[in-house]
Amino acid sequence: MVTKQLLQGLPEDADLRRADSLAREIFSDVANKWALLIIETLGDETLRFSALRDGVEGISHKMLTQNLRMLERNGLVERKVHPTVPPRVEYTLTEAGRGLRATVDGMCEWTHRHLGHIEASRRRFDA
């Protein structure tokens with residue numbers, strides 16, 4: 001989390017603590033399971049919609065569409081439409097998206113490292 005010290009001198013839009021900040025809006029957009037899974041699935045590849053849907057188990061057509069549009073709007077995914085019939089659409093991470101992917105990779109590693117601990121805690125809690 002960003003500390004007060006790091007936020008000094010930054011515009012109000014960069015303050016995650018402010019409900020009306022752009023930073024919080026961006027954080028809210030990308031910090032959802034589907035966006036994180038899409039970013040992880042894209043990785044260094046360029047994929048078509050159907051390959052992405054196959055790569056993110058359980059995501060609906062609607063949720064994939066909404067999240068790809070949001071990621072494109074935020075400059076994290078590039079959408080390329082090839083002028084064919086039917087149109088071929090491909091998605092790839094932008095430089096900013098690849099930067100975020102490094103964080104997503106870290107979250108995946110953390111999850112794998114602590115999975116056993118979390119499962120045990122859940123069993124104790126639910127007992």
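1. Let's start with the hairpin. Strand 2 and strand 3 pair in an antiparallel way, and six bridges hold the pairing. Five residues sit between the two strands, which together make a hairpin. If you want a spot to look at, find valine 81: valine 89 in strand 3 stands opposite. Keep in mind as you look around that this is a predicted model.

2. Now the other neighbour of strand 3. Strand 3 covers residues 88-93 and is joined to strand 1 by three bridges, with the two strands again running antiparallel. You can check this pairing at two places. Threonine 46 has threonine 92 of strand 3 opposite, and arginine 48 has glutamate 90, also in strand 3, as its bridge partner.

3. What is the order of its three strands? Reading across, the order is 1-3-2, in an open sheet with antiparallel pairing. Strand 1 (46-48) and strand 2 (77-82) are the edge strands, each pairing on one side only. From one strand to the next, the twist averages 30 degrees.

4. Next, see what lies against the sheet. Helix 3, residues 33-42, packs on it and touches strand 1, strand 2 and strand 3. Compare directions and you'll find about 95 degrees between helix 3 and strand 3.

5. While you're on helix 3, pick out leucine 36, which belongs to that helix. Setting aside neighbours within four places in sequence, leucine 36 is in contact with Val30, Val104 and Met107.

6. My last stop is aspartate 29, in helix 2 (residues 22-30). Which side chain of opposite charge is nearest to aspartate 29, and how far away is it? That would be arginine 73, at 4.4 Å.

7. Apart from neighbours within four places in sequence, the residues in contact with aspartate 29 are Ala35, Met70, Arg73 and Asn74.

Technical notes: Residues are numbered from 1 along each chain as its sequence is written. This is a predicted model: local features need pLDDT of at least 70, side-chain atom pairs count only at pLDDT 80 or more; totals for chains, interfaces and linings use all residues. Side-chain values use heavy atoms; hydrogens and water are left out. Helices (H or I, at least four residues) and strands (E, at least two) are DSSP runs, numbered from the N terminus. Buried means under 20% relative accessible area, exposed over 50%, partly exposed in between (1.4 Å probe, protein chains only). Lys and Arg count as positive and Asp and Glu as negative; His and the chain ends are not counted. A salt bridge is a side-chain nitrogen of Lys or Arg within 4 Å of a carboxyl oxygen of Asp or Glu. Contact means heavy atoms within 4.5 Å. Two strands pair if DSSP finds at least two bridges between them. Axes are lines fitted to C-alpha atoms, for helices over the stretch in contact, and angles run from 0 to 180 degrees between N-to-C directions.
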